[in-house]
Amino acid sequence: MGSDGFLSLRNVRKSYSSNVILNSISLDVDEGEFVTLLGPSGCGKTTTLRLIGGFETPDSGDIIFEGKRINDVAPNLRNINTVFQKYALFPHLNVFDNIAFGLRLRGVSRDEQKKLVNEMLELVDLRGFGSRSVNSLSGGQQQRVAIARAIVVHPKVLLLDEPLGALDLKLRKEMQLELKKLHDSLGITFIFVTHDQEEALTMSDKVVVMNKGEILQQGSPIDIYNEPANAFVADFIGESNIFPGIMKRDRYIEFFNTAYDCVDEGFAPDEPVDVVLRPEDLLLLNEGDKSIQKADCLLRGRVISCLFKGIYYEIMIDVEGAGSYQFMAKSTIPEDPGREILIDIDPENIHIMKKSSIETITMQKHRFMHDPNKNRKDAPDEDD
Amino acid sequence: MKTTKAAAYPYVLWLILFTAIPMLIVFYYAFTNEAGSFTLMNFKDMADYSIVFFNSFRLAIISTLICLVLGYPMAYAMSKLGRRGRTAAMIMIMVPMWMNFLLRTYAWLTILENNGLLNAFLSAVHMPELHIINTPAAVGIGMVYNYLPFMILPIYNSLEAIDNSLIEAARDMGCSSSQVFTKVVLPLSIPGTVSGIIMVFIPAVSTFVISKILGGGASILIGDLIEMQFLGGTYDANMGAAISLVMMVIITLFTMITNKIDKDNDEGSVLMS
């Protein structure tokens, strides 16, 4: 929390009538960073972006950009540009004029305009498209025009509001890489909004996980994935087995009435916690395997179902003592439903988190049980 | 395919009966004399009425311009209102239109006539009386009043259709509020504005009721002229048909030219309103 960061939000609060959208969030962005705001619909991520862009003003708190408070500075006076969710290209202008729009406002000469726009067209791989009508372009092409239009005036910060939401999966992956490349070559600070955790993890230097108007965790993609701050983050950032446990003492966790070694410490004795096990960390063994002797944490269960998912099998397991809670494992080897099985878990892979609200947990369990594909939420995200 | 075609027959029949045949009759009359033999005299004689054409077009153009100057800001203000405000404004514009056209025009007669409401008000506040009735100004007022909604509504529709994100994008790119208007809002509202101009100009240039009631015969317009040929003392259906034909050609040209301006402005993109 440096006092004079490049771009900072300080206790920013925003509500519409009685509906609190952002509940006192604070965020620091470094120059040149690729920051992703990640969260489900209605978590406040788009509002955060609109506050930075100047399309909304905070009810309280400060937005500080290059040492100046910019709460009330109009969008046209901020050196910050936006790539809008639905591109917002000007339909009465062709591709060239769309990109040159900002240059003309800044009084750039005709020759210079031509040079800069052509450079941009080159950069976004649309050479020769200048005279085309924007309506004749595909979604991906419109996307690139929108990006070119925003970066041709060299903003300090580029805000991207779910810019890949409308593209198909293949194009999306391509654009992810292109955007990342663009970010690295331009050195502009990118603030990217998405509800797609994979996108966030792939592209960002820093991921900011939001829910219900609050920032739950911010950190590098690896930190967020490996050390989720709570059950919500763990669940949102990747498919997880999340269930309640009790921290008996340091490095000793009890769940489903059995205690195991783990590596976490710093909890009160007998503190109720949430336990997170990544499906890919569950090692499935059969009775008689040699490695059973070495196993520290061994669960016993029965295979309920086994679904082929392409690069892995998703295996649902009824674990002894776990009641109706089913574990999900990912394995490259299929297992027959009905078969008895052993699950080996490395103590390092048992993630212990402070208890979050009961409500969140039950909600997650529910989604987890019924919608294993929840992380690929393709539905367009209306954030307001 | 066959059934689709068959379904179109009633419409084709309709078009032939009520559009094609009447048009042919107008053509026939326009190019013949009373005896029924071919002539171009109808068009030559029309030159006598050139002052009527001039007056009609002048009045229609002025009325259309006034409607534009009044209507655009109104439509713009409406598009900025909240949902309730828009509904209220829409009702205020629409409700008078549900009233009979003649009634509305006669109402203006009682307002504008020499002993009418306007002059009663003016003399009450010790201002000099105005003599508006039976002048082209009275006809102009009647036209503007009656046709203003036809200007406002298409402009309002095109303004309302502008996605707010386009306005935000313009702001984002560096437009001040007035630049947002000149660079984005105005160009995108051109199609609606062109529709409005056509929808006001065409009835204005061919009206006869308004000029009859409010103009008192002092200023004859093309509409009156045509009416006189068929119903008036100077019965001459051939001449009436010829004038109608010329009007039709002029209006078609006018519409084509305005649409062309619209298209050019649009730079060939597929923005249809």
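Where in chain A is A:Arg251 found? A:Arg251 sits in the loop between strand S11 (241–249) and strand S12 (252–255) of chain A. Welcome to a quick tour of this predicted model, which takes in chain A with its nine helices and 20 strands and chain B with 12 helices and zero strands. The two chains bury about 2,000 Å² between them.

**Chain A overall**

- Chain A has 384 residues, and 55% of them count as buried.
- Its C-alpha trace spans about 80 × 45 × 35 Å along the principal axes.
- The chain is divided into domain 1 (7–224) and domain 2 (239–370), and the C-alpha centres of these domains of chain A lie 39 Å apart.
- Taking the contacts in chain A with a separation of 6 or more, 67% come from residues 24 or more positions apart.

- As background, most residues other than glycine have a negative phi.
- A:Arg251 is not a glycine, yet its phi is positive, near 60°.
- With a relative accessibility of 44%, A:Arg251 counts as partly exposed.
- A:Asp270 also has a positive phi, of about 60°, although it is not a glycine.
- The loop that holds A:Asp270 lies between strand S13 (258–261) and strand S14 (271–277) of chain A.
- A:Asp270 counts as partly exposed, at 47% relative accessibility.

**Where the chains meet**

- Chain A brings 25 residues to the contact and chain B brings 21 residues.
- Of the roughly 2,000 Å² that chain A and chain B bury between them, 61% is on carbon and sulfur atoms.
- On the chain A side, A:Asn76, A:His92 and A:Leu105 lose the most area to chain B, together 32% of what that side buries.

**Chain B overall**

- Read along the sequence, chain B follows the pattern α-α-α-α-α-α-α-α-α-α-α-α.
- The C-alpha atoms of chain B fill a box of roughly 75 × 70 × 35 Å along the principal axes.
- Chain B has 273 residues, of which 39% count as buried.
- Among its contacts between residues at least 6 apart in sequence, 68% join residues at least 24 apart.

**Helix H5 of chain B**

- Helix H5 of chain B covers residues 101–112, which makes 12 residues. From its first C-alpha to its last it reaches 17 Å, close to the 16 Å expected at 1.5 Å a residue.
- Which residues of H5(B) are buried? They are B:Arg104, B:Thr105, B:Trp108 and B:Leu112.
- At the start of H5(B), the backbone nitrogen of B:Leu102 has a side-chain oxygen of B:Asn100 within 2.7 Å.

- B:Ser211 is buried because its relative accessible area, 1%, is under the 20% cut-off.
- A polar atom of the B:Ser211 side chain lies 3.1 Å from the backbone oxygen of B:Phe208.
- Beyond its neighbours within four places in sequence, B:Ser211 is in contact with B:Val139, B:Gly216, B:Gly217, B:Ser219, B:Leu221 and B:Asp224.

- Helix H11 of chain B (residues 222–231) is largely enclosed by the rest of the structure, because seven of its 10 residues are buried.
- The buried residues of H11(B) are B:Ile222, B:Gly223, B:Asp224, B:Leu225, B:Ile226, B:Glu227 and B:Gln229. Among them, B:Asp224 is in contact with B:Ser211, and B:Ile222 touches B:Ser56.
- B:Ser56 belongs to helix H3 (residues 50–80) of chain B and counts as buried at 1% relative accessibility.
- Not counting residues up to four places away in sequence, B:Ser56 touches B:Val205, B:Leu221 and B:Ile222.
- How many residues apart in sequence are B:Ser56 and B:Val205? They are 149 residues apart in sequence, while their C-alpha atoms are 5.8 Å apart in space.
- B:Leu221 links the two serine sites, being in contact with B:Ser211 and with B:Ser56.

Technical notes
Residues numbered from 1 in each chain as written. Chains lettered and ligands numbered in written order. Heavy atoms only, no water. Buried < 20%, exposed > 50% of the residue type's maximum accessible area, 1.4 Å probe, protein only. Polar contact = N/O pair within 3.5 Å; in protein donor to acceptor, adjacent residues only side chain to side chain. Contact = heavy atoms within 4.5 Å. Helix = DSSP H or I, 4+ residues; strand = E, 2+ residues; numbered from the N terminus. Expected span 1.5 Å × (residues − 1). Domains from an automatic or database assignment. Buried area = accessible area lost by both parts, 1.4 Å probe.
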